Amino acid sequence: MYYNLHTHNYTADKNVLEVVNRYPYEEADVPYFSTGIHPWYIQEDKIQQHLAIIEQRLAMPNCLALGECGLDKRIDIPLQLQQSVFEKQLLLAKKYNKPVILHLVAAYAELIAITDAIKPGVPIIVHGFSKNREVAKQLLDKGFYLSFGKYLLRNEGLSEVLKYVPDDCFFLETDTIEEGIADVYNKAAVAKGVSVQTIIEITQNNFKKVFSNG
């Protein structure tokens, strides 16, 4: 069984447990999903409506996580608004004790400040991790998990970062790439210098630890 931490494309592959991203305006029509307000898609006139949908879904057992949500300094939506929406979602994750799948671009200090203030008390996974070992260490030291996917396949240097990440702190994903989750697992196995089966066992254990329904 492969475990796909974050994907927008449901494959219905019986050999893959997929946490499929479903925004509040999308149907929750898959076995397991996450739901949240992505910073790219914040609509000020619909924030309360979308938060209400998210709260309703977080109570569902097959809603495994809040997200993707987060902060992105490279978009036009004001960071202050992004922070407000993110904080409201973290409070929901805390209320329903659900992990968070995080979209994070160039806002590491803001993330740490917000989580230190709110203390959500739930696992937070930075999805699509693409940075260097120093950034990885900063996040790991603060208790965040890292998920690798597209950039692991595209950037050879990221294999060295994954090699450094402790086995109990990482996940694998496809997000929106055309490659399948098996391709990501194969790359991760090479990076870690272990078998694909070992990577499967590692991610299975991490899912069981972080996701109550994993």
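## How α1 passes α2

In this predicted model, helix α1 passes α2 in a right-handed crossing. The axes of α1 (residues 47–58) and α2 come within 10 Å of each other and cross at roughly 20°. Angles under 35 degrees count as roughly parallel, so α1 is roughly parallel to α2.

Which residues bring α1 and α2 together? From α1 come Ile-47, Gln-48, Leu-51, Ile-54, Glu-55 and Leu-58. They meet Leu-81, Val-85, Lys-88, Gln-89, Leu-92, Ala-93, Lys-95 and Tyr-96 of α2. Sorted by class, this contact has nine nonpolar, two polar and three charged residues.

## How α2 meets α3

Helix α2 (residues 79–96) also packs with helix α3 (residues 108–118): their axes come within 11 Å and cross at roughly 40°. That angle makes α2 oblique to α3. The crossing of α2 and α3 is right-handed.

On the α2 side, the residues in contact are Leu-79, Gln-83, Phe-86, Glu-87, Leu-90, Leu-91 and Lys-94. Their partners in α3 are Glu-110, Leu-111, Ile-114, Thr-115 and Ile-118. By class, the α2 contact with α3 has seven nonpolar, two polar and three charged residues.

## The largest pocket

If you are looking for open space in the model, start here. The largest pocket holds about 460 Å³ of space. It is lined by 23 residues, and those closest to its centre are His-103, Val-105, His-127, Tyr-151 and Asp-175.

Which elements supply at least two residues each to this lining? Both β5 (100–105) and α5 (150–154) do. The largest share, three residues, comes from β5. The lining of the largest pocket has ten nonpolar, seven polar and six charged residues.

## The cavity

How many cavities of 30 Å³ or more does the structure hold? There is one, and the largest cavity has a volume of about 30 Å³.

Its lining is made up of Tyr-23, Pro-24, Tyr-25, Gly-36, Ile-37, His-38, Tyr-41 and His-50. By class, five of the residues lining the largest cavity are nonpolar and three are polar, with no charged residues. The lining of the largest pocket, for its part, includes six charged residues.

How values were computed: Residues are numbered from 1 along each chain as its sequence is written. This is a predicted model: local features need pLDDT of at least 70, side-chain atom pairs count only at pLDDT 80 or more; totals for chains, interfaces and linings use all residues. Side-chain values use heavy atoms; hydrogens and water are left out. Axes are lines fitted to C-alpha atoms, for helices over the stretch in contact, and angles run from 0 to 180 degrees between N-to-C directions. Helices (H or I, at least four residues) and strands (E, at least two) are DSSP runs, numbered from the N terminus. Angles under 35 degrees count as roughly parallel, over 145 as roughly antiparallel, 65 to 115 as roughly perpendicular and the rest as oblique. A crossing is left-handed if the near helix is turned anticlockwise from the far one by less than a right angle, and right-handed if clockwise. Contact means heavy atoms within 4.5 Å. Ala, Val, Leu, Ile, Met, Phe, Trp, Tyr, Cys and Pro count as nonpolar, Asp, Glu, Lys and Arg as charged, and the others, Gly among them, as polar. On a 1 Å grid over the protein atoms alone, a cavity is a set of points where a 1.4 Å probe fits but cannot get out, and a pocket is an open set with protein on both sides within 12 Å along at least five of seven lines; lining residues have an atom within 4 Å of a point. Grid points are joined across faces, edges and corners, and a volume is the space filled by probe spheres set on the points.
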